[in-house]
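Please read the report below alongside the sequence and the model.

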Amino acid sequence: MLIVALLWGALPSQAQQETSAPIKRPQIALVLSGGGACGLAHIGVLKGLQTLRVPVDMVEGTSMGAVVGGAYASGQSVEELEAFVRAAD
């Protein structure tokens, strides 16, 4: 009960909610793993997020995930990444 009482006291009142700034959306981080074969999977995930209009605020990756994530973070489009990976021999 003490926790509920403390949380209840921390909640803003209706008047405070109306005058406070709009709630910001949570930031989304994409974490990509390593492995050369995962390169296309990483691009597929980026393509899916783009289709669903999910904004990606930050990208972390290791090995191939770092390559794909770094290229995406630097401004390359998903289509450019896919063409680059598919053209690799």
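This is a predicted model: local features need pLDDT of at least 70, side-chain atom pairs count only at pLDDT 80 or more; totals for chains, interfaces and linings use all residues.

In what follows, a residue is called buried when its relative accessible area is under 20%, exposed when that area is over 50%, and partly exposed in between.

**Charged pairs**

Side chains of opposite charge can pair when their charged atoms come close.

| Pair | N to O distance |
|---|---|
| R25 and D57 | 2.8 Å |
| E82 and K47 | 2.8 Å |
| R86 and E82 | 3.4 Å |

In the salt bridge between R25 and D57, the closest N and O atoms are 2.8 Å apart. R25 sits in the loop between helix 2 (14–19) and strand 1 (29–32), while D57 sits in the loop between helix 3 (38–51) and strand 2 (58–61), so the pair ties together parts that are 32 residues apart in sequence.

Is E82 buried or exposed? At 18% relative accessibility E82 counts as buried, whereas K47, at 35%, counts as partly exposed.

E82 also meets the side chain of R86 in a salt bridge, with 3.4 Å from N to O. R86 and E82 are four residues apart in helix 5, so about one helical turn separates them. R86 is exposed, its relative accessible area being 56%. Through salt bridges that share partners, K47, E82 and R86 are joined into one network.

**The chain as a whole**

The protein chain contains five helices and two strands, and when read along the sequence these follow the pattern α-α-β-α-β-α-α. Of the 89 residues in the chain, buried residues make up 16%. Among contacts between residues at least 6 apart in sequence, 76% join residues at least 24 apart. The accessible surface of the chain comes to about 6800 Å², and 63% of that surface belongs to carbon and sulfur atoms.

Technical notes:
Residues are numbered from 1 along each chain as its sequence is written. Side-chain values use heavy atoms; hydrogens and water are left out. A salt bridge is a side-chain nitrogen of Lys or Arg within 4 Å of a carboxyl oxygen of Asp or Glu. Buried means under 20% relative accessible area, exposed over 50%, partly exposed in between (1.4 Å probe, protein chains only). Contact means heavy atoms within 4.5 Å. Accessible areas come from the Shrake-Rupley method with a 1.4 Å probe; for residues, only the protein chains shown count as cover.
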